[in-house]
Each structure stands twice: as C-alpha cells, then as structure tokens.
Amino acid sequence: MHRKFGTLLLAVTLLGGLVVASAAAVYLPPDPHPRFNAQAIFADGKVHWAGGYATTVTNPVSGKTYYNNRQSGYSIYDPLTNTWSSSKWSDDPQSPAGIDNNEDGIVGEPEGTYPGTCQMFAYDRNGDGKKEIWIHAGYPVWEGHFFVYDPAANKWTKVGAFPGFSDGGYKAQYLGVAALWEESPTQAWVLCAGGGFWGPDNKSFAKYNIQTDTWTELPDLPVTMIGHVGAVINGKLYLTGGNQNNVSAATGIWEYNCATGVWTTPAGGTGPGPVANLLVGVERAAVGVYNGKLYIIGGQKADGTDYNGIQVFDPVSKSVTLLGTLPVAMSRHGGCIDPATGDIYVGAGRQNGQYLAYEPWWKANVNAPSLTWTRLPDDPAYFPYQDWVAGGEELSGVVTGPDGKPLPQCVVAVKKKGRGPYATADAQYYALTDGAGHYSVTVPPGDYYVAAWRYAYKPSADKVLVMGATPQKLDLQITEAAGQNIAPGSTVYVSSATGNEPASGAVDNDMWSRWSTEGGTGADHYYIIDLGSVRDVTGLTIYWETARPGIYQIDVTNNDPNPAGSPTWTTVYTCPKGGGGFDMGYGHFLDAIGFTTPVKARGIRFHCMAFSQWWQGNYSAYEFVVHNTNPGTPPISIAAAKQLPDGSPVELFSVVSVSGASEFGNSKIFPNTFWLQESNASGIRVEYDQPVAWPGEWDYVKGTIETDPVTGERYVQATEVQTWAFLGIEFAPQAMNNKACVETKNPWGIRVKTWGKVTDMVPNQFMISDNVGAPNQVDIQVQRSGPAPEIGAFVTVSGALAGGGKLFEWPFDGYIRSWLMHGSYAVPNPGGNEYDWQQANLSEDFLASQGGEANIQPRPGDVGPNGAQWFVWTIKPWEAIIDLNKPTWKPSGQNQGCIYASVWIWADRTYTGESGDGLELWIGTDDGYRVYWNGNMIYENNIWRGVGRDQDKIPNIDWMGGDLYVLNPGWNHILMKVNNITGGYGMVLRLMVNDPAGTGEKVPLVLPYSVVPW
C-alpha cells in the first residue's frame, strides 16, 4: 500500500440543553485514562501501566472530548497510598514522563506505543537499585527497539535498535511476547517471540542481550503466533494462547529451553508441540508469574466474547487449573502479580465487550481460598492532545498583511528555538487566524520561534518568543507576496516513483496529483528539481501527503543536479525528528519555508532520510513549490472584489461558508452555487458549472466579478475552482435580526443566523417574522429542501443570505462517510445463476476464524483471515455513496466478491423504532448485502442493481411486534457486508427518525450522536 488513507473528521453540531451552575458548583475531576493493548507489570512495589490505545470519549459534565491516540500514557499505582500518578503533562515534574516517541522533548499526539499485552518487563540495567520499565516496540513504532523508563531520572529513552529479520519477520512484533530471561546475576536476555502486523508470524523470533545491547536472530518458531502471552520460568520460555497457525483463541502451551535453544517435543511426539493445553482458549490476555507458575488472566474467547477466568499453568506437572474468576470478563487489559505477596492487579482494557470511558481496576490475592476483589481508585490520567500543553499559557495576537489590515485564515506556527528558524515548517504548535486575523494557542514555557503564513504569501519573519507563566500577546505581519512558482515544467530526478504517482505529479501545479516512492524501497529517498539555470530562490512551500518524512533536509547546488553526475550539494534547511507540517485536511500537510535572503540554486534536492511515526514504507508529496524573486500576486480580498466593475477578472482564496452542492448533486434551490467567506462581514456568492464545494474548505476561485440584475448582489462567475484543503473550520453564523438580513447588502452571501415565528409557508419555504405586529416587523423568506415547521412555531434558522431577503437554510443529511473497510472474499462458484453465487457469498461467514461476522470488532490495522488489513476509508463531505471500486483491494469490475464495512455510532440516549422515535436504517447498495446491528443480523437483500441513495428503508418492526433494532446509549456497532456481482460497486447508509416537529416525515438523526470508523 503506497498511501495511508487519512480519516477526515467532520464537526457535527450537537444540540444540548443548558446546564446552570450555582456559585457552589462542584466539578468532577478529569476523566480517567481508558486504554487497551497497554502493558502492566509489578516492579519495586508498584503497578506500572504504560502505552496502549484508547477510544474517543466525552465527559458529559465537563464537555471535554478525550481523543483516541493516547498511546504515550504512563501511570503508576502505589498500593501503600492507594493512589495513581499519571503522565498527564510532559513538563509536569510531579507526574511520570509520557513516552516521547520521536525524542523531540515534547510528548504529543500521536506518540508512544500500543504493542499488545505481553511486551513489557522490568530490569535494573544501570545498577541504581530501581528497575527500569522496558517496552518492546509495538504499533505504530515499526522499528524493533525498546522504550525504557528510568524512574530515578523520570525519563524515557530508546535502546536496542534492531537491524531486522533476514527472512522478513516483523521488527516491532505487535501483539507478540517480550520475556525477560535472567541467565545469571550479571547477564540478562529478552526473548521476543511472534506477533506481527500483516498477520500471525513465525519468523519474528530473536533475543536481545541487555548487557551488550546486541540482537541475535533465532530460528523460526514452530508455529505462527499473534495475540499470545508468555514468560520465562526457570530458564524456559512458555508461550500460549493467541492465534496459532490461523486458529483463533488457541489452547496450546509451548516450551522453549532458553539455554539450549530447543523446543520441547511432547511425549510420543515426533517434533515440537504443545506440552499442555489451556482449559479455555484465549487471545490478548494478561499474564503474570508467581511461585514458578504462569497465570493467564482473562482474554478473548474464540466466539469474540471476553473471558472471566484465571488459568494457572504449572510447568512442573504440565497441568492447567482454574484459579477463579475476575470481577468482570476482560481482554486487551492490564494484569500483573506482586511476586512477593501474591497480590494480583487487573483492570482497564475491554471489559464485558465494552471499551469504557473510565478505567476500573481491582486487587485480590492468589493465595486466598477464594478470590475476593477490591476495587481500586480510577487512574486519573487523561490525554486530550489539545490540552497536552497544560501548564502553559495562552499566546495570542493578530496577523496583518502588507497593507496593515488583519489577515484571516493564516497559519501561525510555534516551534522550539533550538530547532532552527522558519517556524511555519516543522513546528510543535499551530493555530489559524479567524475572520478578524486573530489567533490563540496554548504554549508551555520555553524559547520559541513564531511565524505566520498564508497561501501566496512569503512567511513572516521569525519572531523570538520567551514563554513564561503568564499569557502573552505577539502580533505578526506578513509583509510580501510569495514569488512566482518556477518549479512547473522543470526536469526532475527521483530515487523512486510509482506508475500512478509519477515524479511529474509534484511539480504540475495540481494539488491532487502527487509523487510517491515505491513501498518497501527503504527510508532514504530524494526528489531533485532541475531549474535549468541558476536562479534566485526566496522560499519553498511543500505540500506533503500523509506519507511524509520524519526527518528530511533541503540541499541546493549550482551544478547540473543530475544524480548520475557529481553535483556538490549545500544544505539550506534541515527538519529534524518530528516534523509533519500543518494538517490542512484531505491528507495535505504544509511546510512553508522563507529564506531571509535569496538562495542561489539550479538544483534543489528534497532528501527524505527517515520515516515518520505517522506512516512507514514510502514517501509522498502533492507539490513542491519553488518561489523566486519574480513578484507574485496574492488573490484579492472578497471586500476588494466587490468594489470592482462587472467583468473584472478576480482570483479569490478563502473558506467556503455555505454550499449549494448537496453531496454528489446540487441544491434544489441554488444549483452549482456556494459562498466564500473571509470574516463575519465579508462574503460572496460563487457560480460554477459543477458542484465542488463544502463548508470548511479552503477553495481557490478564478473568474469574473458580476452583479445579479434582479437583486443587485455581487457574485463571481467562476471559470476555475480548486479545492485546496479542508481545515475543519467554519465561521460561526453571524447573528442578526431580520431587518439587518434584509436591508444590509454587505453580508449577503455569508452564513447568518436569525429567528422568529413562522407566519406563512409554501412547499420548501416559509416566512418568519422577528416581531409580529410591531412597527419594525420584518419578514424573511427561508428556503429549505426539507419539510417546513408549523405556522406559529418559534424557530432559529441559519444559512446563507441571498438577494431579496431570502435565507438558504443548509440541512444536515446524515450520511455516514467514514468506514473501516476490509476484503475481499468469495466462495467458489457453486453453480446456478449469479444470484445463487451472491447468496452463497452472503451466507458464508468469512470471519468465522476471528469470532464471526456477528462478533467482530475490528480496529485499523487488524488483519483479517485473508491476510489483508482493516483500514479507514473516508469519502469527501459532499459525497454520500462509498464507491467500493476505488480501494486498491477491489479492482473495478471484479466479479463476485464481498467486502466488510464497520462503523461505530455513539448515542446520547435510547432511540427506538416505530412505536417511539421511528428509527430506521436507510441503505443503498450495488449489489446484495447483509447488515449486522450490535451483533445481530437484521437484514439481507440478494439483489442485483446499481447503487442509489435510500433504496432500502429497513423496517424496524419484527414479526412479534417489537423493535428489530434500537440505538442504545453509548457506542453501537454496524457491520455491512456488501457483495458485487459484476461492474459497479458501492454502498450508502444513514439513520433516520421521525421529525420532532411532528410533520410525519422522516429526517436524519441530528441529535447528539457521533460516528467513528472504529
């Protein structure tokens, strides 16, 4: 795979009630830090809980949302004080340090690791009497090193760089085992066994010498393993559970002599085999060692449910017994045992099939006649990456342009001073200016460079910031336009390229074509631009794709840059570890560099030197822009454009406020129309010959300024529109009464909000009055594509102003646009017609070996039975239909094959069927499908058709008269299985409920609910 399919997070406005707090209001403490696939061990009298992954949760009291990429977390539980301490902030000396994956001195998102549940141990290598905490690699670390935490220094380091396996084993050994073998008081080894990423693996088997910091590759395991657990007891490594030879929740227990390097052959056997078997097969369990026995704690069973038993393996008798049961069934959780007392600690992870928004832990003693569990206090850590800089203060200011006027939609970048100038590239903190040119960002204490950038401008000069413990204001000025781009048409040389993403794709002035290296060709690559002659270069703007480098440098030469010769290169910019650029959305990441004085160059080399933590395997860029001294002309402002005579050519670059483009098609009211907005006082209508825009986008528009002869509204008749980026921002509607909406021409075309009582209605439109009967009463016409409210109702509406006192209201359509995808699968042709083959595909449970279609709860990167990954697939926000011919695993027109699409939906309350909310599932597919709702197969349609919206409205009454499916409070899971007979291939889905206004119509579910693909 050459490209990482990024997830586009769309903001959905949640409608909620007001909470009135008195002066004595009491607020809950921060959320606990829910994590799974993390690591727990007992060392030096404390429970250590590190790494892991977490779902996105929202605290209903504080309203804060805590996002999922929190694998850098580290928490410590002290039984003596019965308290947790947690790595809440990277600069908080009172907390354990978070895992700084890229070693840039700042713990941010995403960093750290989530390797599984059995790749952590404790060992005192430095001899200070305190054991260091070791974690072996994991995902998304990729490389096979160790993270090591020194409690005395409160710092994480990386050691044990692994050269890799000669036969293709997976370095990081995700969901593998890292077991400590203390051969003698002065010699310790770590045996790293199994795991993988693309599937169960037997090639990944190596041992690490802690004292000499060296690796030894070992012969292949006798069985493929992933998701298993293990430990070394009396010089022997024991591995059990997990997926063994493609059998989920396996039972076999394997024994390996660490000294002789021999796997045990059971009595009567002809080769290595299990020396015993678990009572219940599990995977992703927790593990502990006590009194020479292996404790396998919980885990996920073959049917996909969580197990509540603690199985104990005795290596002497080769027997397995059941110690007792956990307080709740668990998998992907933490578990460890105090080797001195037998106290066992368990918690977090997945409990009774649920990933929780809190993290309950329990304690018992394995020596007690019966396990008696005591609930521990919740871990208080939480890791919202927006708040990661707590302890810092607000940095704010205004960015102005060359004319001294505030400049909206500028990128403000802050980076550590020690990392060099050009702060709009390789920064730690970013902010965007609003419509008034104002920005605000929280920055921890330290020395920084700060600069601002906007499209078609040269970055502002770097300003030095010394951030202390008080808020600061820092105004910035962008003083000149960027020079013209002289890269298009240049000769280019690359170390690698693909057929679909050639070298020319990054110098063609097209933000949607791109260059990409071939996957698997290493981490050292270059892209060279030959300008043909020595030119003055004033700056560079790079638009990376998701597959951007972690370390790169820019070199120049005045020689012929053909790498076949011997050019002499001079480095003019270095991006050390971290980098990544500003996320512009749609998989575009910006690095803007402005040189203080022009740099002379014929050749420019972009030298990619190391993969980033976000993506491994290849590099990709949409555009390399080279600015020279020829003056460029930035697009004019909307306010200035409105002052030009009709027919004047204009170029605009601004945010789309409201769009008439409804998904694939057009608004019924304003076909091929959208509005650009610069501020809450400046917006303009754009007419184009196709629907291309969506609210929140940065769009480039070229055309002529015109006047609507009926309304007098100024608008742009566009000849070219380019979607530049999706920043996820929308200007808040400008609140104004009807009189201001009708009489003020300046804000026409911007997004506004008004209110009043409904006085009249006709199809798809109604009138509202803001002061019925008063002398200053003004009515305004609201146009909408959905049903109108009742006459006399008091309503608040928002949308785009149009001429003649009209308001175009934008409806929410409810289509789910982000899914976790996997496939494809098919059974051999059973004979008969195409419907018979499709029915055979729909009836076959291709996921049976991993718990089955009804029980599967996949995560990004999980590997299915066919060896392919589950991955996120997101369509653009104006689209509704998921075109299943697009993903590379489904060639266009392939006959007969099934894919799976998974999505999670969070609801604030219960939504019922016909007797209550009227909940229905509206689906369109090409061709047949099955749908599972919270583990139940609720509908199947063996049909051959082209896909369209809302083709099937799944009834919500079963034959007994009850609801076939309900939306429960919290997370709900939908799994689609879609089969293609031949030709086109697609799906579309949304949830509908009864109109709360009582119209009797169905409307999209707009109440507080959110959708994530995993």
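**View 1. Strand E27 and its two partners.** Strand E27 is joined to strand E30 (residues 361–365) by 5 bridges, and the two run antiparallel. Two strands count as paired if DSSP finds at least two bridges between them. Helices (H or I, at least four residues) and strands (E, at least two) are DSSP runs, numbered from the N terminus. The model is predicted: local features need pLDDT of at least 70, side-chain atom pairs count only at pLDDT 80 or more, and totals for chains, interfaces and linings use all residues. Residues are numbered from 1 along each chain as its sequence is written, and side-chain values use heavy atoms, with hydrogens and water left out. Tyr345 has Lys363 in E30 as its bridge partner. Strand E26 (residues 334–337) also pairs with E27, in the antiparallel sense and over 4 bridges. In this pair, Ile337 has Ile344 of E27 as its bridge partner. E26 and E27 form a hairpin with 5 residues between them. Gly342, in the turn, has a positive phi of about 85 degrees.

**View 2. Burial of strand E27.** Of the 5 residues in strand E27 (residues 343–347), 5 are buried. Buried means under 20% relative accessible area, exposed means over 50%, and partly exposed lies in between (1.4 Å probe, protein chains only). In a regular strand the side chains alternate between the two faces of the sheet. One side of E27 carries Asp343, Tyr345 and Gly347, the other Ile344 and Val346, and both faces are covered.

**View 3. The open sheet of 6 strands.** The strand order is E22-E23-E24-E25-E28-E29, with antiparallel pairing. Strand E22 (286–290) and strand E29 (354–355) stand at the edges with a single partner strand each, so one side of each has no neighbour in the sheet. Strands of a sheet pair through backbone hydrogen bonds, either parallel or antiparallel. Strand E25 (residues 319–331) and strand E28 (residues 350–351) run antiparallel and are joined by 2 bridges. Met330 has Gln351 in E28 as its bridge partner. Arg332 sits in the loop between E25 and E26. Arg332 is buried, with a relative accessible area of 5%, and its phi is near 55 degrees, a positive value in a residue other than glycine.

**View 4. The open sheet of 4 strands.** Here the order is E7-E8-E9-E10, again with antiparallel pairing. The edges are strand E7 (120–123) and strand E10 (155–159); each has a single partner strand, so one side of each is left without a neighbour in the sheet. Neighbouring strands of this sheet are turned by 25 degrees against each other on average, direction ignored. The axes are lines fitted to C-alpha atoms, for helices over the stretch in contact, and angles run from 0 to 180 degrees between N-to-C directions. E7 and strand E8 (residues 132–136) run antiparallel and are joined by 4 bridges. Ala122 stands opposite Ile133 in E8.

**View 5. The second largest pocket.** This pocket has a volume of about 850 Å³. Of its 33 lining residues, the closest to the centre are Phe42, Phe121, Ala122, Leu180 and Val289. Strand E1 (39–43), E7, strand E11 (177–184), strand E16 (229–233), E22 and E26 each give two or more residues to the lining. The lining divides into 21 nonpolar, 9 polar and 3 charged residues. Ala, Val, Leu, Ile, Met, Phe, Trp, Tyr, Cys and Pro count as nonpolar, Asp, Glu, Lys and Arg as charged, and the others, Gly among them, as polar. On a 1 Å grid over the protein atoms alone, a pocket is an open set of points, where a 1.4 Å probe fits, with protein on both sides within 12 Å along at least five of seven lines; lining residues have an atom within 4 Å of a point. Grid points are joined across faces, edges and corners, and the volume is the space filled by probe spheres set on the points.

**View 6. Arg817 and strand E62.** Arg817 lies in the loop between strand E61 (806–809) and strand E62 (818–825). Arg817 is buried, with a relative accessible area of 8%. A polar atom of the Arg817 side chain lies 3.3 Å from the backbone oxygen of Tyr815. Ser824 is found in strand E62, and the peptide bond from Gly823 to Ser824 is cis, with omega near -5 degrees. Most residues other than glycine have a negative phi, and most peptide bonds are trans.

Methods. Polar contact = N/O pair within 3.5 Å; in protein donor to acceptor, adjacent residues only side chain to side chain.
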